[in-house]
Amino acid sequence: MTMRRLVQTADETRALGAALGRSAAPGDVLWLHGELGAGKTEMTKGIAAGLDCREAVSSPSFALIHEYLTCRLPLYHVDLYRLEGAAVLDLGLEDYLEGLGVTVVEWGERLPADFFTDGIDVTLTFVDDDDARRITLAPRGPAGTRWLEECHE
Ligand SMILES: Nc1ncnc2c1ncn2[C@@H]1O[C@H](COP(=O)(O)OP(=O)(O)OP(=O)(O)O)[C@@H](O)[C@H]1O
Ligand SMILES: [Mg+2]
């Protein structure tokens, strides 16, 4: 089951993220794909809101991983943009992916596709020059399927 949305504003992207945050279960993983500025971090802000996080989410580009621990479930926000080649394999990402929090990965395509075979792949693409984005959500495995089925805006 693939879900497709056409959103017109950053608020709408965050609202979709919030719906995912509300329906997230321990161990869920979201793989975010899209060009620079497509809205991956905006969507992560929505997920944090849907998880009732009290901290503000910022871009983790420099830290690689931000942990938000004031939420309904721990939220791990990972950004692999700056990593190349084998460095992504040495991060210890498995500990997050197999843990009981919710892991959101920007630029997950830096990892081999079979590194982790569950979660939801979310792709954001620009539409024209304005704020519109096409958003596609596709489960990678059973946990992703459950998450998407229970996600209601
Ligand atoms: N529909 C939309 N959805 C998301 N963001 C939007 C939308 N329309 C405009 N924006 C704006 O686009 C920018 C998206 O930035 P964001 O940091 O989320 O991108 P990103 O995909 O995480 O980029 P990067 O690869 O650099 O991390 C924000 O400034 C946001 O306000
Ligand atoms: Mg980002």
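This is a predicted model: local features need pLDDT of at least 70, side-chain atom pairs count only at pLDDT 80 or more; totals for chains, interfaces and linings use all residues.
Because Thr-41 belongs to helix 2 (residues 40–50) and Glu-106 to strand 5 (residues 102–106), the pair ties together parts that are 65 residues apart in sequence.

Salt bridges, of which the count comes to seven, also connect separate parts of the chain. One of them joins the side chains of Arg-5 and Glu-153, with 2.8 Å from N to O; Arg-5 sits in strand 1 (residues 3–7) and Glu-153 in the segment after helix 4 (142–149), 148 residues apart. Arg-5 is partly exposed at a relative accessible area of 31%, whereas Glu-153 counts as exposed at 55%.

In another salt bridge, the closest N and O atoms of Asp-28 and Arg-146 are 2.7 Å apart, and since Asp-28 lies in the loop between helix 1 (10–23) and strand 2 (29–33) while Arg-146 lies in helix 4, parts 118 residues apart in sequence are tied together. Asp-28, at 2% relative accessibility, counts as buried, and Arg-146, at 24%, as partly exposed. Arg-140 and Asp-121 likewise meet in a salt bridge of 2.8 Å, N to O, which links the loop between strand 7 and helix 4 to strand 6. Asp-11, Arg-14, Glu-42 and Lys-45 are joined into one network by salt bridges that share partners.

Asp-131 is placed in the loop between strand 6 (120–126) and strand 7 (133–139), and its relative accessibility of 51% makes it exposed.

Definitions and conventions
Residues are numbered from 1 along each chain as its sequence is written. Chains are lettered from A and ligands numbered from 1 in the order in which they are written. Side-chain values use heavy atoms; hydrogens and water are left out. Helices (H or I, at least four residues) and strands (E, at least two) are DSSP runs, numbered from the N terminus. Buried means under 20% relative accessible area, exposed over 50%, partly exposed in between (1.4 Å probe, protein chains only). A salt bridge is a side-chain nitrogen of Lys or Arg within 4 Å of a carboxyl oxygen of Asp or Glu.
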